[in-house]
Amino acid sequence: MSVKHALLSLLEQEPMYGYQLRQEFEARTGGTWPLNVGQVYTTLTRLERDGLVEPAAHDETAGPDGDDATRTATQTQVRYRLTDAGRDEVATWFTTPVTRSQPARDELAIKLALAVTVPGVDVGTLIQRQRSASMQALQDYTRLKRQAGGEQERADLAWGLVLDSLVFAAEAEIRWLDHCEARLRRAAREGSAAGGAR
Amino acid sequence: MSTKATAPVLRLTDVHRVHGDGEAAVHALRGVSFTAYAGELVAVMGPSGSGKSTLLTIAGGLDQPTSGSVEVEGTDLVGLSHAERARTRRTSVGYVFQGFNLVPALTAAENVALPRELDGVRSGEARRDALAALEEVGIADLADRFPDDMSGGQQQRVAIARAIVGERRLVLADEPTGALDTETGEEILRLLRARCDAGAAGVLVTHEARHAAWADRVVFLRDGVVVDESGSAPVDDLLEAGHA
């Protein structure tokens, strides 16, 4: 997950403090990927170094803290805003597809690939246990969706979409497990038929 | 023995269903035991041919098991005469099908009122019941429309209203979201869910995990046998049969 781009895009909305960025991020994603404060400040430091953000000037900090004291205080009291380069970076991020070079669910795929080749593994049970576990996760997400309810707030809508993403991913995993099971059963049938013909 | 406070609305015990006989016999169900309590939505998942639709038709008294018992609100459907079974079916059980199965020549309200009128309820009262059910599924304003003048999602809402009219306690749904887009399908599941939260028992047959996830429990069926379940379940009630 790109913390860098997430923070930059939040700053597109308005200049913000570090703690605010963290709150805003979690409001939109329902705390699915919690950010720690340290991570936020480290990232901001790097972004400032790279010229993508800068401390906001007083006239742009609409809040009451936009005086000289803020500028000289610790980082926690600095409100950041995007530079032009930062704004370009956000625009590029939103118009570039996410690369899928690292398949997300490789542990399960690898486990299954090994299970069907290593002798003595009960693949059917492995699949069924995984399916039950994935189904339970899917039920949990669905319960969260039911509780989420209204989508009047933009951030609620965002959180609803994040939940949908988790739901569709879990569903895809279960469909894939069903598919594996069907293929393995067919292979077993064909295997025993070939064995009988010999 | 179960110590659950609520009584089971549906209880299948060691149900077998064999179609045909001899060499050609097909075992659709092989000793399935299954319980749905009031206030609970249970999903049955399985590939085609796993027996999930057979389970649903037997649960609703549309088909008879070869052996085993099927109790709806404490009455064993197997022991009933044809007429008695039809009566239980009308008064206790509601169905929702993938294809909606509405009568095209009747309005939404008339479609929903139909099972009440078949029960012998006077038509004024049947219409009042129908309007209440349509209200519950959020389409009271469409009461006088004909099915052809409605979207798929609206037609399925009418079908759900028909399935719950007159306080039926058992709602059986066979792929009710099959022909609908994901968002409309979700609204249908919300309605089923709400009906169960209000005290009905629901059984939802589906091959879509995303839809099954709306249930309290998910029962997995393979080759006519319950292989597993997930959710907060009284496991002893579910897996009694096991493999033959």
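Me: How many salt bridges are there between chain B and chain A?
Reply: The count between chain B and chain A is six salt bridges, and please keep in mind that this is a predicted model.

Me: And how many over all chains?
Reply: Searching the whole structure gives 27 salt bridges over all chains.

Me: Which residue does A:Glu171 pair with in a salt bridge?
Reply: A:Glu171 pairs with B:Arg210, and their closest N and O atoms are 3.0 Å apart. Because A:Glu171 sits in helix α8 of chain A while B:Arg210 sits in helix α7 (residues 209-212) of chain B, the pair joins two chains.

Me: Buried or exposed, those two?
Reply: A:Glu171 is buried, with a relative accessible area of 7%, and B:Arg210 also counts as buried, at 9% relative accessibility.

Me: What does A:Arg185 meet in a salt bridge?
Reply: The side chain of A:Arg185 meets that of B:Asp223, with an N to O distance of 2.3 Å.

Me: How many residues does each chain bring to the contact?
Reply: Chain B contributes 24 residues to the contact and chain A contributes 17 residues.

Me: How far apart are the closest N and O atoms of A:Arg131 and A:Glu181, and where do the two residues lie?
Reply: The closest N and O atoms of A:Arg131 and A:Glu181 are 2.9 Å apart. The pair links distant parts of the chain, since A:Arg131 is in helix α7 of chain A and A:Glu181 is in helix α8 (residues 154-197) of chain A, 50 residues apart.

Me: Why does A:Arg131 count as buried?
Reply: A:Arg131 counts as buried because its relative accessibility is 1%, where the cut-off for buried is under 20% relative accessible area.

Me: Over to chain B: what does B:Arg193 meet in a salt bridge, and where does the pair lie?
Reply: The side chain of B:Arg193 meets that of B:Asp197 at 2.9 Å, N to O. Both residues lie in helix α6 (residues 182-197) of chain B, four residues apart, about one turn of the helix, and B:Arg193 counts as buried at 4% relative accessibility.

Me: Changing topic, how many helices and strands do the chains have?
Reply: Chain A has eight helices and three strands, and along its sequence they follow the pattern α-β-α-α-β-α-β-α-α-α-α. Chain B has eight helices and ten strands.

Me: Why is the pair of B:Tyr95 and B:Phe97 called stacked?
Reply: The ring planes of B:Tyr95 and B:Phe97 stand at 10°, with the centres 5.8 Å apart, so the pair is stacked; the cut-off for stacked is planes under 30 degrees apart. Of these two, B:Tyr95 counts as buried at 14% relative accessibility, and B:Phe97 is partly exposed, with a relative accessible area of 28%.

Me: Last one: which residues form the nonpolar patch on the surface?
Reply: The patch is formed by A:Ile110, A:Leu114, A:Val118 and A:Val121, which together have about 320 Å² of accessible area. A:Val121 lies in the loop between α6 (106-115) and α7 (123-148) of chain A, and at 35% relative accessibility A:Val121 counts as partly exposed.

Conventions. Residues are numbered from 1 along each chain as its sequence is written. Chains are lettered from A and ligands numbered from 1 in the order in which they are written. This is a predicted model: local features need pLDDT of at least 70, side-chain atom pairs count only at pLDDT 80 or more; totals for chains, interfaces and linings use all residues. Side-chain values use heavy atoms; hydrogens and water are left out. Rings of Phe, Tyr and Trp (its six-membered ring) pair if their centres lie within 6.5 Å; planes under 30 degrees apart count as stacked, over 60 as edge-to-face and the rest as tilted. Buried means under 20% relative accessible area, exposed over 50%, partly exposed in between (1.4 Å probe, protein chains only). Patches are made of residues with over 30% relative accessible area and no salt bridge: like charges are joined within 9 Å, nonpolar side chains (Val, Leu, Ile, Met, Phe, Trp, Tyr) within 5 Å. Accessible areas come from the Shrake-Rupley method with a 1.4 Å probe; for residues, only the protein chains shown count as cover. A salt bridge is a side-chain nitrogen of Lys or Arg within 4 Å of a carboxyl oxygen of Asp or Glu. Contact means heavy atoms within 4.5 Å.
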